[in-house]
Amino acid sequence: MFKYLAKRFLEMIPTLFGITLISFFIIHLAPGKPTDALSEMNPKMTPEARERLEKLYNLDKPVIVQYGMWLKRIVRLDFGESFSMDRRPVMQKIWDTKQPLLERRLFITFMLNLIAMIIILMIAIPVGISSATHQNTLYDKITTTTVFLGFAMPSFWLALLLMMLFGVYLDWLPISGLKSMSYDSLSVGGKILDRLKHLVLPMFVAAFGGLAADSRYMRSSMLEVVRQDYVTVARAKGLPEKTVIYRHAFRNALLPLITLAGLSVPGLIGGSVIFENIFGIPGMGQLFFNGVMTRDYSLIMAILTIGAFLTLIGNLLADIGYMFADPRIRTGR
Amino acid sequence: MKTDSLGSLFLKRFKQNRLAVAGAIIVLCLVVAAVFAPLVAPYKPNDIDRKHILMPPDIHHPLGTDDLGRDVLSRMIWGARISLAVGFVAVGIASVIGIIFGAIAGYYGGWTERIIMRFIDIMLTIPTFFLILAVIAFIEPSIWNIMIVIGLTGWMGVARLVRAEFLSVKERDYVVAARALGASDFRIIFRHIMINSMAPVLVSAVLGIAGAVLVESALSFLGIGVQPPTPSWGNILTLGKDNIEIAWWLSVFPGLAILITVVGYNLLGEGIRDSIDPRLWESERK
Amino acid sequence: MRIASSSTIIILILMLLTPACKQKVKGSETEADLKAENGQPAYGDALVEGVIGEPSNLIPMLASDSASHNVANHIFNGLVKYDTDLSVIGDLAESWDISKDGLVITFHLRKGVKWTDGVEFTADDVMFGYKTIIDEKTPSAYKEDFLQVKKAEVLDKYTFRVTYEKPFAPALTSWTSLVILPKHLLEGKDITKSDLVRSPVGLGPYKLAKWVSGQELVLESNKDYFEGRPYIDRYIYKVIPDPATMFLVLKTGDVDMMGLTPIQYTKQTDNTFFKNNFRKYRYPAFSYTHLAFNQKHPWFSDKRVRQAMSYAIDKNEIVDVVLFGLGSPATGPYVPNTWPYNPNVKRYEYNPEKAKELLKEAGWQDRDGDGILDKDSKPFSFTILTNAGNSLRKNTATIIQSRLEKIGVKVEIRTVEWSTFVNQFIDKKRFEAVLLGWSIGLDADQYDIWHSSKTKEKELNFISYNNPEVDQLLEKGRRTFAIEERKKAYFRIQEILADEVPYIFLYVPDATPIVHARIKNIKPTAIGISYNMPKWYVPKPLQRHTMGQ
């Protein structure tokens, strides 16, 4: 078991290297100089000033040297200085140690995705199982249809409609940010309630798409497992249906879902760009979008890398989860 | 003769599947609207009307007008062109790349396969939407670039599928026979194996179109996709967001169009899959 | 759960079809008090302004975005500032003397002004700021004006003198908040790496208390401010990246002040809720939007073609549709009601017939009957470039496109991301026409934009405009202090520009801020509303935000 884990870790290293290479070179293929954003269309900007800025950022060195320098730094989690006008270290933007944990961008995005993931699994698993055990009933048809629509629904459209309904017409829920203006003057309970209220819409939107995919997957994997011999045997032994489903079938049906959950991490993280942008959530996705709009090279490289890294961790966790759920791996085959 | 009977069998099964037929009809409508947009649309998509700015739906403008008084219905019909083009071209690119990589990996095996599979793993680790956004922002956001980028970031699934097919097919008798007869690798790959692996690729392509349509609309919605005044469903939705309080029609209709389109492609794709001989399908999967 | 979510959507769609409008009235303010013009000035409360962009850097000389300057303006003061009538008055300088030849300015500083950390402000701080900005290691976009200085001296603790090589009209007004820095905190340090970038120490009416990236900046009043403690205790910038969301937040009461978009100003704020709770202001902004032609392009080097374009575009239509009437057609590179503005230049009323005539004179006719004019069997088709992400510009370009189509000119629109726009197209002069805006400084000097020597790559006369008379007038305008003489020069420049049409000056938009009605003593002037922000107040009974313990 340890061997297996160690092997997985070792496999991550070349992958990580490949990720940095891809994110670095993709961005350097693009035309244009990054210092453009600094000078903008400013009547007071002279060519000399512009050149000065370019020198300041080492852009005169060959790309391969830039990559080497960058790689050396990111090993120490130093992603360099932002190309935006504030020139802060990129890592400080993503993980600002001067702010409380709850205000750090990476933490916000990480937590939101984690919550979304938990919601997805908590709903997708029971729904998937019950629609599998009630195959071809009305309930199954309704859930299948809903799931299908959820799959096809553009998340930003769903967000827009929900904002319009709950934010504009009903005025029940806040539609922007993670807390209210009056947050600091609220009681502890009030603070928690305030945060929860702000989470409802973004979490609903973030979870909806994944929910569809996962419950559908759970259903089909359950259907497949139920047809297997050992389930038939269990039934033949006269075990109650509940025991058969939850003791014997459930565990095996869960296996592919764990893999799928691991695989859906990049989708979730990528999706945070959209829902953070729409709901004005100050997370990493919003930062990334701003970086993309302002051509903040180092920031984009950093977040691409971190996003990929999070995915790797997600996959690793899925592997570990798989290991625990699958007796064959646990016992070392 | 063999393909003939398979083909008619396929059609028979497909026709019996009501959902699949519905999907086909949706896609067909989309194609017709896109191809005949100039004839179908009641107005020119870019006609500005200063007297009818942000008008709610009425008889003259069934889906209302936008912030320059342009007819939303007409713009959506023209937008179907974008949607259709992006879907097909992006998936075309992805399929070609995926088939090439998958075929090479599956046929040659060994370190070639390992390198390709590792590359695929790496590509799958980077959140696709991040990757697309990064690239789009640095190049010019024209419709062609969007198609290419979506294609370049979406081939991994196809490659894996093709590789799996190859692994299962390459030791079959007819391939072994062809090799024994001295056929070139290229010929074996394309004449003997490829044909037999196409069905799952086709299914995944049709499903992939749905994904590409969603990505394009998201990019346009974020303002870095198809550029105005070219109408696309995504950028009409952006106007919907800008005018969320006063113009619900700008948010509701384009979103519905996207939803229906994506459902259409999904139904069609699944219909095709179910209609391909299920036994054949299953044996190919193993 | 499934069922619930699907029915939610159905309800959702039903709801959308019934346009209910629910207004929320918050707080305990009584209507009468809110509506009253004034009340008893009182300390306390907070003002929350919604802003689209987050500041990047609160050291003014390092920042080149307006978001940063807006915040920094509350934290730093300059030696001089503009009064509401656009004349120059003292700020940190009590007075100043200008030598007869205009080459030497001696500033006499206020005594007893303290940085918010308690250290006294002196001429050394000014000197330090000046040296920092001209230092080539300082990446400042504002060096140019200070490189004109030949010599700077600290005469004593409260006297600072600068000497110029040649008379330089914008000299005095360049000594604003850009160059006032606390020497005792920055000396010997790399200014770009300084903590002061994100937690500045200033001497203005407010000081920064908290900055949460991507969310908000909280300023607290400087109780020892040299012009007196500001009434409003906290000034909070809440970052909300899009105007539609910001507007919704304004309605819920979480934001007190924002800049309205034209449609919000005209269509969404004329109801009783807004009349009772908010006050809208409207005044011309210091900027204009224009369509600039590449003078090197063979078609647009012909003046008649440019004039024809001018006749074919209906500026009033643009003002009506894009700005909902909130602005005025522009006639030149200055805004109305400022001293350099010349109201009597040639105007081009919308006249497509005249446009066609002029084009015909220039050889453009529809010879092949395809609806597009042609000459030497080339169709008249060109591209308007503009930057992405500005919906007003995008709409303006779209209207121009449809108008020019009517006289047989085919226009493509391309929106390009800003840095690509500048780097690949503007700098390389690879464009036919661009749609852009200039925000104009309060000084009339526009040497960099129009002078024929400023056409090199990355310089601002990117359309390659070249008119010897304009060159001469620009030089004249910047080398004298006499307003009347400067005025004459700039009036003439506007006449020439109007006739030659290197740009089609499209419109001057109005600034349209809205502020919650409980905030009193807002007096709109030519330079906007925020100049007397420290004097704004909320009468005690109307105060809404209290300090958290």
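1. Confidence in the model. pLDDT is the predictor's confidence in each residue, from 0 to 100. The structure discussed here is a predicted model, and chain C averages a pLDDT of 85, with 91% of its residues scoring at least 70. Where pLDDT is low, the predicted coordinates should not be read in detail. For the complex, the predictor gives an ipTM of 0.83 and a pTM of 0.82.

2. Chain A. Chain A contains 15 helices and zero strands. Of its 333 residues, 46% are buried. When contacts in chain A between residues at least 6 apart in sequence are considered, 70% of them join residues at least 24 apart.

3. The two domains of chain A. The domain assignment divides chain A into domain 1 (19-94) and domain 2 (101-331). Their contact takes 18 residues from domain 1 of chain A and 18 residues from domain 2 of chain A. On the side of domain 1 of chain A that touches domain 2 of chain A, two or more residues come from helix 1 (2-28) and from helix 5 (90-94) of chain A. Helix 1 of chain A gives the most to this side, with five residues. By class, the side in question has 10 nonpolar, six polar and two charged residues.

4. Chain B. The secondary structure of chain B comes to 13 helices and zero strands. The C-alpha atoms of chain B fill a box of roughly 75 × 45 × 25 Å along the principal axes. Buried residues account for 52% of the 286 residues in chain B. Of the contacts in chain B with a separation of 6 or more, 71% are between residues 24 or more positions apart.

5. The nonpolar core. The largest nonpolar core has 314 residues, and those with the most contacts inside it are A:Ala159, A:Leu162, A:Met163, A:Ile303 and B:Met76. Helix 4 (residues 72-108) of chain B gives the most to this core, with 18 residues. Which residues does A:Ile303 contact, leaving aside its neighbours within four places in sequence? They are A:Ile94, A:Met284, A:Leu287, A:Phe288, A:Gly291 and B:Phe130.

6. The contact between chains B and C. Chain B supplies 20 residues to this contact and chain C supplies 23 residues. Helix 11 (233-242) and helix 12 (248-275) of chain B each provide at least two residues of the side of chain B that touches chain C. That side of chain B is made up of 10 nonpolar, four polar and six charged residues.

7. The domains of chain C. The domain assignment of chain C gives domain 1 (19-75 + 197-282 + 512-542), domain 2 (80-193) and domain 3 (287-510). The C-alpha centres of domain 2 of chain C and domain 3 of chain C lie 36 Å apart. The contact between these two domains takes nine residues from domain 2 of chain C and 11 residues from domain 3 of chain C. The side of domain 2 of chain C that touches domain 3 of chain C holds six nonpolar residues, two polar and one charged.

8. Helix 10 of chain C. Why is helix 10 (residues 303-312) of chain C described as largely enclosed by the rest of the structure? The reason is that eight of the 10 residues of helix 10 of chain C are buried. Among them are C:Val305, C:Arg306, C:Gln307 and C:Tyr311. The buried residues of helix 10 of chain C pack against strand 14 (287-293), helix 12 (352-361), helix 13 (391-406) and strand 21 (503-511) of chain C.

9. Strand 21 of chain C. Strand 21 of chain C is mostly covered, with eight of its nine residues buried. Strand 13 (residues 283-284) of chain C runs antiparallel to strand 21 of chain C and is joined to it by two bridges; C:Pro284 stands opposite C:Asp510 in strand 21 of chain C. Strand 14 of chain C is also antiparallel to strand 21 of chain C, with four bridges between them, and C:Leu291 has C:Ile504 as its bridge partner. Three bridges join strand 15 (residues 327-329) of chain C to strand 21 of chain C, again in an antiparallel arrangement. There, the bridge partner of C:Ser328 is C:Val508.

Terms used:
Residues numbered from 1 in each chain as written. Chains lettered and ligands numbered in written order. Predicted model: local features only at pLDDT ≥ 70, side-chain atom pairs only at ≥ 80, totals over all residues. Core = buried A, V, L, I, M, F, W, Y, C linked by C-beta atoms within 7 Å. Buried ≥ 20, exposed ≤ 12 C-beta atoms within 10 Å, placed from the backbone. Contact = placed C-beta atoms within 7 Å. Nonpolar A, V, L, I, M, F, W, Y, C, P; charged D, E, K, R; others polar. Domains from an automatic or database assignment. Pairing = 2+ DSSP bridges.
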